[in-house]
Amino acid sequence: MGLMSLDDRAVAVIMVGGPTKGTRFRPLSLNIPKPLFPLAGQPMIHHPIFACKRIPNLAQIYLVGFYEQREFALYVSSISNELKVPVKYLKEDKPHGSAGGLYKFRDLIMEDNPSHIFLLNCDVCCSFPLPEMLDAHKRYGGMGTILVIKVSPESADQFGELVADPDTNELLHYTEKPETFVSDRINCGVYVFTPEIFTAIQGVSAQRKDRANLRRLSSFEALQSESATRSLPADFVRLDQDILSPFAGKKQLYTYETMDFWEQIKTPGMSLKCSGLYLSLFRHTSPHLLNQGDGTKSVTVVGDVYIHPSAKVHPTAKIGPNVSISANARIGAGARLINCIILDDVEIKENAVVIHSILGWKCSIGRWSRVQAEGDHKAKLGVTILGEAVNVEDEVVVINCIVLPNKTLNVSVQQEIIL
């Protein structure tokens, strides 16, 4: 490590949201903060944190959100030890917007005097090509670089659409969820900035304060219709509308396009899809986590499968593709599992079948029962979800259902939400 490297430190900030945000993730978020929900057998937040490990000269990782400190304390201490990089959880007192949250903790973030600040969102699933982004960012010489991906024109309007210069990759135009089609390139919610970002955020705040003072002085403003931005507090700064849009086309922001996968993890159905994407990524990054299954005394495994070392799986069971099995689960003889997430302490008895489903903690699935769905990740009941401690009795069939915690199902059900 030459002297050069000390001037080139980086820190990473991962936005984890809060308990009021994960409502679409129920019933799974009733027990656990959404960022700690396991995908591919590892907490959701683990995937961006592990990707940060590849950033050269990484000094710190900060998690910023609205959860109570105690909900993250255990995870943060164990991951810091495992990664040998300090990870700290910072609790926001009130919503400050995606850029305002970053600004609120600027003194801590700048403590190590970093020359680069990564900003990631916990609920996006991608390969997080962070070192590659950093190289591009240094080449561009701007204030920030945004990870982008090409999507189908039909789905683009659900995201921030952007136009970049095809030669220089400079961000020329940015709109959040536009009414009309702008571009098939979208913002992935992964960024790298220089510390100038703080000056930019401060500028937005100062402008707001000036406008508010002006408003008190002029009655003309009062006659005009109140727009949404006018009523925003000065310290509430959104990254997309307040920073990306105004700075586009000013040789400050650039894009880096990922050719891998990208998804947003908003619902349990999407988490099942993302679990599969992360399992396939493990093939390249952490093959030791995947269960190979040599077929002799062990279980038959098809495709990408994660089985926690403490889980007990009967040798005659057949598992995969895209299955993750968490701690202390018990899988009985002849069971068949396809495209599912099995959480801690679940018991699946003999000859039961589980397909396109998520089984919550301590669930029990009876002999010859079937828990399944069509597997449409975007449909409301496209993936069957059993909340904590749901008991499916022997020979019961559950298709396309969401079942809230602590229910017992002794008759077959389909296309139902069982409260």
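**Figure 1. Lys-362 sits in the loop between strand 22 (353-359) and strand 23 (364-365).** This close-up comes from a predicted model, in which local features need pLDDT of at least 70 and side-chain atom pairs count only at pLDDT 80 or more, while totals for chains, interfaces and linings use all residues. Residues are numbered from 1 along each chain as its sequence is written, and side-chain values use heavy atoms, leaving out hydrogens and water. Helices (H or I, at least four residues) and strands (E, at least two) are DSSP runs, numbered from the N terminus. Look at the backbone here: the phi of Lys-362 is near 60 degrees, a positive value in a residue other than glycine. Lys-362 counts as partly exposed, at 48% relative accessibility; with a 1.4 Å probe and protein chains only, buried means under 20% relative accessible area, exposed over 50%, and partly exposed in between.

**Figure 2. Asn-328 lies in the loop between strand 18 and strand 19.** Here is another residue to check for its backbone angle: Asn-328 is not a glycine, yet its phi is positive, at about 60 degrees. Asn-328 is partly exposed, since its relative accessible area is 40%.

**Figure 3. Ser-324 is part of strand 18 (residues 323-325).** Why does Ser-324 count as buried? Ser-324 is buried because its relative accessible area is 1%. Leaving aside residues up to four places away in sequence, Ser-324 touches Ala-40, Gly-41, Ser-275, Tyr-306, Cys-340, Ile-341 and Ile-342; a contact means heavy atoms within 4.5 Å. In the loop between strand 17 (318-319) and strand 18 you will find Pro-321, which is joined to Gly-320 by a cis peptide bond with an omega of about 0 degrees.

Figure 4. Pro-27 belongs to the loop between strand 1 (10-17) and strand 2 (38-39).

**Figure 5. Six strands make an open parallel sheet in the order 16-19-21-23-26-29.** At its edges are strand 16 (312-313) and strand 29 (408-409), each of which pairs on one side only. Two strands pair if DSSP finds at least two bridges between them. Val-313 has Ile-331 as its bridge partner in strand 19.

**Figure 6. Strand 9 and strand 10 form a hairpin with six residues between them.** Strand 9 (residues 160-164) and strand 10 (residues 171-176) run antiparallel and are joined by five bridges. For Ala-164, the bridge partner in strand 10 is Leu-171. In the turn, Asn-169 has a positive phi of about 65 degrees.

**Figure 7. The second largest pocket has a volume of about 860 Å³.** On a 1 Å grid over the protein atoms alone, with a 1.4 Å probe, a pocket is an open set of points with protein on both sides within 12 Å along at least five of seven lines, and lining residues have an atom within 4 Å of a point. Its volume is the space filled by probe spheres set on the points, which are joined across faces, edges and corners. Which residues lie nearest the centre of the second largest pocket? They are Gln-42, Pro-43, His-46, His-47 and Tyr-75, out of 36 residues in the lining. Strand 3 (42-43), helix 2 (46-52), helix 3 (69-83) and helix 10 (268-285) are the elements that give two or more residues to this lining. Helix 3 gives the most, with six residues. The lining divides into 20 nonpolar, eleven polar and five charged residues; Ala, Val, Leu, Ile, Met, Phe, Trp, Tyr, Cys and Pro count as nonpolar, Asp, Glu, Lys and Arg as charged, and the others, Gly among them, as polar.

**Figure 8. Ser-115 occupies the loop between helix 5 (106-109) and strand 6 (116-121).** The side chains of Ser-115 and Asp-8 are joined by a polar contact of 3.1 Å. Another polar contact, of 3.5 Å, links the side chains of Ser-115 and His-116. A polar contact is a pair of N or O atoms within 3.5 Å; within protein, one must be able to donate a hydrogen and the other to accept it, and residues adjacent in sequence count only if both atoms are side-chain atoms.
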